Structure formats: C-alpha cells, structure tokens
Amino acid sequence: AVALVGESPSEGEERQKHRLVGPSGNELTQALKAARYDRREALIVNVLACRPPEGKLQMFLRSIKRRNRARRREAKAALAAWRKDPSLPEPAPFVEIPSPVDCCRPRFEKEIEGYERFITMGGVATAAVTAFSDSVAKVRGTLIELDVPRRRVVPTLAIKNVLHSPKWQPVFRSDLRKAIDWFAGRVAWVPPRITYQPDPWTLLSFLSNRDIPYSCDLESDGRECLTARIRCLAIGTDTDVMVMGFLGKDGYRRFYTPEDERSIIEILCEFLADPTRMVMGHNFGYYDKILLQQQWGVTTRGIVDTMLLHRAAESEHPHRLAFVASMFATAPPWKTTREGKKLATEPETDEELQEYCANDTAITHRVF
C-alpha cells in the first residue's frame, strides 16, 4: 500500500468531511489511474487535520515564524532591561508559538505507522515525511530512500498548484507514474561506476571508443566563468564516469603530478576540440565553454547542450538539470544534502564535490 500525503484539507474536504474530494480528488484519481494504481488501495492523509486560515498554509507558517522572531526580540530586550535594573519585574521565560505541524505530528505519525511507500504532495508534506529542509521544487520527482525510519518517498507538487496552473499537470502525473513504477520494482536508480583521478593512459583508453557519445560536466570555484578556476571535470556515459580533480577546496591541493596533469589536460583538450566527437553537457554551451576557453585555451566543438534542447522541447518549464532529470531520467536527490546544502557550492570535501560532478555527468547522459 502507498500513503498519499497532502498538506491540509481544502474547503471542500472540510465541508464534506472526506480527504481529497472535488477537483483535487478528481485530478488525483485520474493521475493514479494513468499510473495503473487504484486509489482505493492507498492511504490518503494530511499533515494537518484542519484547514489553516484562508487555506494558505505556507503564509500561516511564515506568520508564526515572524511572530516568534518578534516575541524573541521583545523577550531578549526585557531580559536585558531587568539585568540592568533588578527592581523591574522579572520577565517570564520566552515560549514559542507552536507550529501547527508540530501540534499535529503525533496524530499524523500514528496514521502513517507501518507504511513504507510515500508520495508526498507539497513542501510541508515532504518535510513531515523525510525531514528534508529543501524546497519541494528541488526534490520533486526524485527517489528518496530513508533507513530510519525505513521509507521510500517520491515528492511531488501540491495538487492545488496543479489545478491553479495546468502546465504542471504533466509534471504531477509523471511524478506519480514514476513513484508507482519504483514501488513496483519497474524502475531503479543505478549509480554510475566512478573512476577517480585516472592516469593519462586509462583516460585515453576510456575515450577511444568513437562509436558512442560521451557526456561532460565540470565544477569551478566561482560563479563568474571569466574568473573562476576549474576544480574538477568528469567525462563518461550513463554507466561509467572518469573524474579528474585539478584544484582542492582549499585552493591549493592538487590531485596529479605536474607532468600527469599536463597530459590529462592535453588529452581532454584534444577530445573536446574534435568536431567529430559528440559530447553532451547541461549548459555546457555557455558557462563551461567559456571557462574552458579561459582556463585551458580550448574551443569545444561537437557539443550538444541538453539545456538548449529542453528549452526547445518544453519552453514553459524550468530548465535546470534537476528538473529535466526528474522528467527524463531516474535519480535520487543528488543536488543537495538532506539539510538543503547545495553540493555544487557547499561541499564538505573534495571527494563529495567530485562524486557530485560524476553524478551530474551520468544523469545528463541518461537525460539525453
């Protein structure tokens, strides 16, 4: 069985005393039917049991945070004044206004007890099931596996957003279809085999197959491509990736001897400048291309930019790789940590960044 988790009841649900009825219920039923799943087999549950003011949950939660910040400042000022003048009445301890999500948590956890497969609809629902702090826009459509508690989760959009903006309907239905297929064992995330710091001969041998296209990605130490430095570059296919590190997180560490680094760069430049070789990259035709020209003096030739392809195919949707991969490939939430830290800009180690770069490369290949 699957637990379908919403955020809070709509006005129609509150009036009819049933979960996900009316237009929201119809959309969910049709999406599940397209995914070959019977709605009657699922648990339908909301994180909140009652409807927030005006049905605007996110606005309500933000207002509680603002009020708590203001009350905390007032309590801090009162405590400072009392310490200066003990003759004043001692201020009462600061107590936060509780979040309705926390108030409802015991009931919610009791309802989903025993379930291991979840489709979470909206950011509040996703956070309640996974404890991910990232926005649902960044993790929707990904396959999340948790060990404690043991759960398999596919986040998607809140149905009210789908009804408000019909362009998201194909995205919502794609997410549900992927989730049901994953739960049934019909799709899976298979990580690529990664070779770190290959020697020049190993890299040359890997790139010798002229019958297959390769994908490529690089990570730098800045956002401005005219001044940034290349930290690592990955090249490979959907199953095998080579990652070459050139600059450590500290700005000094090197991963090759000077001789090997020159050989590796020469091999990569010759490969990327060859117009007869096909190389895919996401946004490779702009940022990566200029950075390679600046750093290594190479002009890339046979590049296919998957971002431009997606702009041509689905102009109304976002074009970042995480979104494109959620529609055209199967992947975990590899762009950020559970705490919402971006691995491209906030990796804790060089190895973490290089693994991220390798996953970008393999997933770009699968998208293509």
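The second largest pocket of this predicted model has a volume of about 520 Å³. Its lining comprises 21 residues, and α3 (57-84) is among the helices that contribute to that lining. The largest pocket, by contrast, holds about 980 Å³ of space and is lined by 28 residues.

**Second largest pocket**

- Leu61, Lys65, Ser99, Val101 and Val124 are the lining residues that lie nearest the centre of the second largest pocket.
- At least two lining residues come from each of α3 (57-84), α4 (100-111) and α5 (123-130).
- The greatest contribution to the lining of the second largest pocket is that of α3, which gives six residues.
- By residue class, the lining of the second largest pocket consists of ten nonpolar, five polar and six charged residues.

**Largest pocket**

- Nearest the centre of the largest pocket lie Glu219, Lys335, Ala344, Tyr356 and Asp360.
- The strand β7 (214-220) and the helices α11 (284-296), α13 (321-328) and α14 (350-367) each supply at least two residues of the lining of the largest pocket.
- Within the lining of the largest pocket, β7 gives the most, with five residues.
- The lining of the largest pocket divides into eleven charged, ten nonpolar and seven polar residues.

Notes:
Residues numbered from 1 in each chain as written. Predicted model: local features only at pLDDT ≥ 70, side-chain atom pairs only at ≥ 80, totals over all residues. Heavy atoms only, no water. 1 Å grid on protein atoms, 1.4 Å probe; cavity = no way out; pocket = protein on both sides within 12 Å on 5 of 7 lines; lining within 4 Å. Points joined across faces, edges and corners; volume = space filled by probe spheres on them. Helix = DSSP H or I, 4+ residues; strand = E, 2+ residues; numbered from the N terminus. Nonpolar A, V, L, I, M, F, W, Y, C, P; charged D, E, K, R; others polar.
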